[in-house]
Amino acid sequence: MKAVIQLDKVRKQYGSRAAVDDITMDIHEGEIFGIVGPNGAGKTTLIEIIEGLRTADSGVATVLGMDIRKHAEEIKQRIGVLLQSSSIPEKAKVKEVFQLFASFYKKPVDLQKVTRFLGLEDKQNEYIKSLSGGWKQRVSLALTLINDPAIVFLDEPSMGLDPNARNEMWQMILSLKQEGRTIVVTTHYMEEAETLCDRVALIDKGRLIALDTPKKLISLLGGTRRIGFKNTGHADQEALSKLSGVTQIEWKPDWIKLHSNDKDQTLKQLFHLAEQENWLVSELTLENTSMNDVFSEMTMHGKGNG
Ligand SMILES: Nc1ncnc2c1ncn2[C@@H]1O[C@H](COP(=O)(O)OP(=O)(O)OP(=O)(O)O)[C@@H](O)[C@H]1O
């Protein structure tokens with residue numbers, strides 16, 4: 001598999017803290033690559049180093065085979081970076097913004113092709129400020145594509161969008177992949193990482209703590225399941241934590257969730273405990289492990305394979 005981005009011990013320090021701490025990884029041609037991590041993990045710093053907007057203190061980063069320290073301008077012609085929709089001039093019309101952005105590039109694409117691709121034909125004469133959040137985000141994405149980029153960088157593409165607009169955004173990202181582009185996306189939404197990404201890098205405190213397909217990351221947790229039931233106020237937290245297989249407990253006023261790596265044993269002992277203590281296990285639910293669990297397990301307990 002061809003690497004279009006290669007990072008070798010890339011580091012960026014602010015004061016005594018490393019925002020990006022010696023990260024080494026490859027991003028492959030044609031994949032949707034997710035960078036996920038808690039607030040302040042270093043995602044934006046990392047993605048902006050790759051885009052050439054920030055300079056690393058040490059390490060080597062190459063994009064499309066070019067060292068970003070030496071070829072930043074050439075790289076910029078071949079990548080697309082999603083702007084926050086707030087940085088698009090509000091008082092301009094959609095078509096004027098497109099023309100302005102096209103003028104920044106040596107070889108802009110046919111603007112009609114981009115507008116058709118993103119369904120923006122009817123919005124050409126509308127002012128940016130009159131568009132909804134979802135349409136503004138569509139315009140931002142269209143601007144990202146104006147130089148026909150080989151790699152598209154999307155920093156939090158569905159932040160602030162309602163569920164419908166978010167789904168549409170996901171569809172558009174998938175169509176970019178179908179066109180053969182490589183997509184690098186940072187996200188807070190684990191569902192987004194699980195649905196969209198071919199591979200995910202999990203970053204915490206500047207370090208790469210895991211990198212794999214969502215499926216493999218989930219299986220790393222060893223098939224943990226969550227057993228949920230109603231919190232009737234009768235169960236004893238300590239007794240629950242001693243049940244076979246239980247690795248963690250989520251305790252809420254309305255419900256309790258046991259994380260278990262041996263669901264059969266946990267369930268058996270749970271019913272036994274309830275009987276002994278004379279309470280009922282009601283509204284029982286069973287959930288499979290998701291990227292959300294991977295995220296909380298790995299960032300809270302410092303686990304990882306990277
Ligand atoms: N220009 C800067 N000057 C000083 N510290 C910075 C600067 N940019 C980032 N940092 C620090 O580096 C760390 C990583 O920040 P970064 O914005 O890259 O994280 P992030 O994962 O993108 O966070 P979020 O999800 O909240 O956007 C944080 O501790 C942040 O405070």
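Predicted model: local features only at pLDDT ≥ 70, side-chain atom pairs only at ≥ 80, totals over all residues.
## Overall build

Let's start with the whole chain. The protein has 306 residues, and 48% of them count as buried. Its secondary structure comprises 11 helices and 14 strands. Taken along the principal axes, the C-alpha atoms fill a box of roughly 75 × 45 × 35 Å.

The contacts reach well along the sequence. Among those with a separation of 6 or more, 67% come from residues 24 or more positions apart.

Strand E1 (residues 3–14) meets strand E2 (residues 17–28) through 8 bridges, and the two run antiparallel. Within this pair, Val10 has Ile23 of E2 as its bridge partner. The two strands make a hairpin with 2 residues between them, and Gly15 in the turn shows a positive phi of about 65 degrees.

What does E1 pair with through 5 bridges? The partner is strand E4 (residues 58–63), again in the antiparallel sense. In this pairing, Asp8 is bridged to Val60 of E4.

## The six-stranded sheet

A second sheet is also open, but its pairing is mixed: 6 strands follow the order E6-E7-E8-E3-E9-E10. Its edge strands are E6 (79–81) and E10 (207–212), each pairing on one side only. From one strand to the next, the twist averages 15 degrees.

For a closer look inside this sheet, take strand E7 (residues 151–155) and strand E8 (residues 182–187). These two run parallel and are joined by 5 bridges. Across the pair, Leu154 stands opposite Val185 in E8.

## Helices H3 and H5

Now for a pair of helices. H3 and helix H5 (residues 133–144) have axes 10 Å apart and pack at an angle of about 25 degrees. Angles under 35 degrees count as roughly parallel, and H3 and H5 are therefore roughly parallel to each other. The crossing of H3 past H5 is right-handed.

Which residues make the contact? From H3 come Val94, Val97, Phe98 and Phe101, while H5 supplies Val139, Ala142 and Leu143. By class, this contact has 7 nonpolar residues, with no polar and no charged ones.

## Val109 in its loop

Finally, a single residue. Where does Val109 sit? Val109 lies in the loop between helix H3 (94–102) and helix H4 (111–117).

Apart from its neighbours within four places in sequence, Val109 is in contact with Val114, Leu145, Ile146 and Asp148. Tyr189 is 80 residues from Val109 along the chain, and the C-alpha atoms of the two are separated by 32 Å.

Methods: Residues numbered from 1 in each chain as written. Heavy atoms only, no water. Pairing = 2+ DSSP bridges. Helix = DSSP H or I, 4+ residues; strand = E, 2+ residues; numbered from the N terminus. Axes fitted to C-alpha atoms, helices over the stretch in contact; angles between N-to-C directions. Contact = heavy atoms within 4.5 Å. Parallel < 35°, antiparallel > 145°, perpendicular 65-115°, else oblique. Left-handed = near helix turned anticlockwise from the far one by under 90°. Nonpolar A, V, L, I, M, F, W, Y, C, P; charged D, E, K, R; others polar. Buried < 20%, exposed > 50% of the residue type's maximum accessible area, 1.4 Å probe, protein only.
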